There are 4 protein chains.
Amino acid sequence: MSVLRLAMVGGGPGAFIGPVHRMAAELDGRIRLVAGAFSRDPDKSAAAAQAWGVRGYADWSEMIAAEAGREDGAQAVAVVTPNHLHLAVSRVALQAGLHVISDKPATRTLAEARELAAAVAASGRLYGLTYTYTGYPMVREAREIVRRGDLGSVRKVVVEYAQGWLSRPREREGAKQAEWRTDPALAGAGCIGDIGVHAFNLAEFVSGRRVERLCADVGTVVPGRRLDDDCNVLLRFGGGARGVLIASQISAGARNGLKLQVYGESGGLTWSHERPSELTIDRLEGPSQTLHAASVYLSGPAQAASRIPTGHPEGFIEAFANLYRDFADAIAEGRADAHPVPDIEEGVRSMAFVETAVAASRDESGWVALDGRIA
Amino acid sequence: MSVLRLAMVGGGPGAFIGPVHRMAAELDGRIRLVAGAFSRDPDKSAAAAQAWGVRGYADWSEMIAAEAGREDGAQAVAVVTPNHLHLAVSRVALQAGLHVISDKPATRTLAEARELAAAVAASGRLYGLTYTYTGYPMVREAREIVRRGDLGSVRKVVVEYAQGWLSRPREREGAKQAEWRTDPALAGAGCIGDIGVHAFNLAEFVSGRRVERLCADVGTVVPGRRLDDDCNVLLRFGGGARGVLIASQISAGARNGLKLQVYGESGGLTWSHERPSELTIDRLEGPSQTLHAASVYLSGPAQAASRIPTGHPEGFIEAFANLYRDFADAIAEGRADAHPVPDIEEGVRSMAFVETAVAASRDESGWVALDGRIA
Amino acid sequence: MSVLRLAMVGGGPGAFIGPVHRMAAELDGRIRLVAGAFSRDPDKSAAAAQAWGVRGYADWSEMIAAEAGREDGAQAVAVVTPNHLHLAVSRVALQAGLHVISDKPATRTLAEARELAAAVAASGRLYGLTYTYTGYPMVREAREIVRRGDLGSVRKVVVEYAQGWLSRPREREGAKQAEWRTDPALAGAGCIGDIGVHAFNLAEFVSGRRVERLCADVGTVVPGRRLDDDCNVLLRFGGGARGVLIASQISAGARNGLKLQVYGESGGLTWSHERPSELTIDRLEGPSQTLHAASVYLSGPAQAASRIPTGHPEGFIEAFANLYRDFADAIAEGRADAHPVPDIEEGVRSMAFVETAVAASRDESGWVALDGRIA
Amino acid sequence: MSVLRLAMVGGGPGAFIGPVHRMAAELDGRIRLVAGAFSRDPDKSAAAAQAWGVRGYADWSEMIAAEAGREDGAQAVAVVTPNHLHLAVSRVALQAGLHVISDKPATRTLAEARELAAAVAASGRLYGLTYTYTGYPMVREAREIVRRGDLGSVRKVVVEYAQGWLSRPREREGAKQAEWRTDPALAGAGCIGDIGVHAFNLAEFVSGRRVERLCADVGTVVPGRRLDDDCNVLLRFGGGARGVLIASQISAGARNGLKLQVYGESGGLTWSHERPSELTIDRLEGPSQTLHAASVYLSGPAQAASRIPTGHPEGFIEAFANLYRDFADAIAEGRADAHPVPDIEEGVRSMAFVETAVAASRDESGWVALDGRIA
């Protein structure tokens, strides 16, 4: 199988997620980074490119044009910029015939997400969205368990994503990550767009149910902050299941605590990012079970997502790498449907969630419908 | 210190909570059960009385009259009947000059709770409400930590109480506990009245903040059930803190999973009934801490709630016993304020929570105010 | 069923285990404390007796004689003194026709234990030894699992009992509990006799295998201490299983960490006193299981050891109470074999373990045989 | 900083640890695999080489000669063969002027390890030994805590490494990994050489103390197996600390459970591979602490071993990668002492442990001295 050549936009010095994308992309030897427009600052971009031994560019549109024109040029672009550039970069790359794999959220707004969906459709190229948590083996196992009906029909979903790092006004203390993530022009939404979308996507991914209505309390706790930093949402899924989604960046002391519980008629499952290689099943009758990643008794999709034997923990980078590997496989096979990489439809749904919840909370509308159609 | 003589109403054969009350009351040698109207069935009541070596009565009002008239008669009555009798029994006992300690909820309805509050005030007797979880040492430590300001001002409270035992229609399968707890005439409310009130009370007890507004989704999941079995509530506390309360009896596989998280400006605490002797503090800066019951470094109220050295687990009965011991102490000292036994005010607030949430959910009212005034 | 009348020797003010015995004995309403020689100090004994509403005595032999002679006198004696009195008190009580339930270890020395075994045999009375941990429901479940062969033949047993409270020379800092437990004349052995015997008994109780050989490292870590405070022992069980026993009172920071692992051919079980209501089974094939106390799927002996529904934690006092309840049942039925209370044979075996290990370690004998015969 | 060019010996199709070495080596972009003699089978080696885009060789000695002679040739060799080739490959590579990084154990026998030590010394090249667990951030933090004296003087060390995968005779069921690891000619020792050395090294690495004496029970549980599969060892460290080492491959149900406890005068620490990003400190006084990887409050060495923010788990591959990164740094700087990669001295000590324990157990020698001198 040939190696997929990747270019990156964003991810230069000081970035958090850029290096993760690079490590994840290359981990399995299926993808090689060959080029990057890592920073708007030409010197910084060149320095990063040199450090990683790839072609550096000062401007991302120039890079896309150049790479698309080379025989040994990048075949796909990883978009790891702040949100406001996601649409533009992705569209240009798609139009140049390159595949796109993008950090979440898909775009800054719902309207942009729908524009991007149209661009994806027109391009005939693949678009992947790195909802990292769907790359964990035990998240994939959880989905299989629900899909097989092992828990009976889904009745309740509780998902909580607690971070504490924005408990202080770090955007005014010189923290770059905090600056753009709390800036309406760059990020679009705050906590709900940054991590709420992970929780939303995870809940839908595992439960196999789609949110149809919601009732939201999206607020700003830290004085002076320009975007939301705490959100709590009541959910109603197709089929009638109830749900609760909690996402917060002011849960002081929390690190990166994403936890999902799905309850069916005869049992419930719990997955927590604090112990990502475990999945717990509690049943109405019989002992609780803990499933361990890389075990022979797991489903095919879960087994395929582990590299090393059970008891040898794989983490965030490996989960990310699973998305990249699936993305490369999908490209190689020319079809996305066999691989669980979230696509632009997930992107549109997430942005619909964000905008619906923010508006409903602001207006105290109570229950409102979620329209997650692509167009 | 003399031993307090206790009579019990309810708690006969097949009851869950009656035996717990008896064990808890007598654990510390401060209280002795001397009489009981354990069942409406005279034979059953007599049998229970004989087994426990106490005076048995066929009728609770007769018992109260008789005991109040004996020099060695009961000084207090434990009310452990289904909810619909709480008001009547408590009122008669108070009027007879006896103290009352009652299982939760205080009454079947809010109106009844306010009637009872008036009866308590008129009687000059003590009224205690067994919100069991407030009896745990680490719950009391949690309250002290918040009260001392160790976490800064409270910003967010998440409380979840998950049970799964009503996932099936057990009220139609001959389960006595399920029958009365899902019967509007006997219970008043369903899940929210049975365990939602525990969660509500715990959240207020530890946070020291009072719920002022709420937005509720209270529903019935099991077809044919006559009362709610799942509730999810967004909360707003005095001082502005946000909150989420989840209580469910259809969380299949859950046993009795009560968990509280309180986040302040500089840290958060977590207490879970699955590990009741621990309290975890996560901080914005510095390592996480786990505090263990019966440790010398705990606050006075927490230390006073343990009987045996750290590392020797105490559980539900001991937590319950702490409420009884505090109740006995309050009677002995003639003052309730030094002891943390929940009183009728907590009872009224809880019933206000129940009725407000049920009505708001039924009417899809969105955010509504909680009026928890006693009268 | 009539109530068993109990007298206590020891357990006065400042004692740790005396109050536990009283609470445990009375918890289920099957036993009532009626008399006590709580302290050698007549005033202290009288004060304790008054506080608990029982007959107080200044001298234990006088008490035994008096109670044995009363129609309403004690039928059994609880021995909760320091070890050096265990033999004398137990023997006198047995000879007076009273049953005996004793705190561990059975006696101060192996020779004494064998003397006591003879006294028990001669008396025709019941003798129970409170190896508390055998009273936990999940320990009993563990034994049933092994007994049923669910794990295949036992291959390895690891038991660790870590305490840290003697990390400092507390016997020279005025701590009464430390004083007698580190005094050769009162305690006989140190750590190995105080908690090593619990670990030893637990390993044999659950594995159903008896230790036949051992290789021991029993030492004193804290300078100036007169007895051992740390012991590590390699074990060989009948049937060939290997084992490791670790017991320490200088494991600084450890509270009361008793943990048992038993491995068979096809799986292993883990029980830890830190989460006493859980039992974990890991299998060669298939998910791990966690069994929860008071669940309907447990074995009869495990179910019988819980009082309240699953998810409502019971702890140390309740485990202790299970031993007392079984002891009362055995007396009522006139036979001990249906009830799992450890008896004098366990007492002799434990003392054989203590003396064999201490001697072998002192002499650096390497592997030595354990002769646990009663006589 | 320039990229280090690496060649690999072993690690072809079916290997477990070879792919881990490759992923780990390349993770941080500091090292690039350029060549490999992946298999004795020329076709297999060529296939692996092609898949990874590197130069393939049929014979490792040929590869070393060729690479050493190229200007763009490998600068270091990763040795990931079965144990019996470690000495030969390492020596030839060193003599060719290449650095060596080897999987553990260093060699098949102690005598070989001492030969290798001489070869390392003579070569002037760097030799690194991948004791993976020393690469975990929280293991490095643990070492710093002990080194700083935060726990006082070390008194006790307990290390347990439990695997269950050899509970059945898998070497006779066609499992390649089991075949060579239970073959005396290829592996040298069994469980003690395969995972006992990890436990031994970890105990010394964190405690900063060296084992001076031991008393061992090393045995074979599965009938017909040719090497040991279970070992239990009592330890005595320099400075007097006691220890216990347990390593087993017949702990049925265990996955890869390595756990270390180090107790000092005033507290103890626990690290478990099941939750590798946490380190727990229990203290004689004050609450327990849990330290989390990638936190700002950690020591320098621990912080340097994380790539991504706290709460984002890194696992086995990343721990391995830390060793590779440190190895590359040491080469770049021309000095090993600033970097915590285990070296040949650790290799010799571990082999001394293996041979001393196996012999002492076989002969039932009781306590024996450990001579871990290099020559």
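Which residues in H1(A) meet which residues in H11(A)?

1. Basis. This is a predicted model: local features need pLDDT of at least 70, side-chain atom pairs count only at pLDDT 80 or more, and totals for chains, interfaces and linings use all residues. Residues are numbered from 1 along each chain as its sequence is written, chains are lettered from A and ligands numbered from 1 in the order in which they are written, and side-chain values use heavy atoms, with hydrogens and water left out.

2. Helix pair in chain A. From H1(A), Ile17(A), Val20(A), His21(A), Met23(A), Ala24(A) and Ala25(A) meet Phe316(A), Ile317(A), Phe320(A), Ala321(A) and Tyr324(A) of H11(A) (contact means heavy atoms within 4.5 Å; helices, H or I, have at least four residues and strands, E, at least two, as DSSP runs numbered from the N terminus). By class, this contact has 10 nonpolar, one polar and no charged residues (Ala, Val, Leu, Ile, Met, Phe, Trp, Tyr, Cys and Pro count as nonpolar, Asp, Glu, Lys and Arg as charged, and the others, Gly among them, as polar). Helix H1 (residues 17-26) and helix H11 (residues 316-333) of chain A pack at about 65°, with axes 8 Å apart (axes are lines fitted to C-alpha atoms over the stretch in contact, and angles run from 0 to 180 degrees between N-to-C directions).

3. Chains D and C. Each side of this contact has 49 residues. About 3,500 Å² is buried between the two chains, 50% of it on carbon and sulfur atoms (buried area is the accessible area, 1.4 Å probe, that two parts lose on being put together, summed over both). Arg155(D), Lys156(D) and Arg242(D) supply 18% of the area that chain D buries here, more than any other three residues.

4. Charge pairs across D and C. The count is 12 salt bridges (a side-chain nitrogen of Lys or Arg within 4 Å of a carboxyl oxygen of Asp or Glu). One joins Arg255(D) to Asp282(C), at 3.2 Å from N to O. The side of chain D that touches chain C divides into 18 nonpolar, 15 polar and 16 charged residues.

5. Chains B and D. Eight residues of chain B are in contact with eight of chain D, and the buried area is about 740 Å², of which carbon and sulfur atoms give 58%. Pro287(B), Ser288(B) and Tyr297(B) supply 53% of the area that chain B buries against chain D. The salt-bridge count between these chains is zero.

6. Within chain A. Arg210(A) forms a salt bridge with Glu345(A), the closest N and O atoms being 3.0 Å apart. The two residues lie 135 residues apart, with Glu345(A) in helix H12 (residues 344-362).
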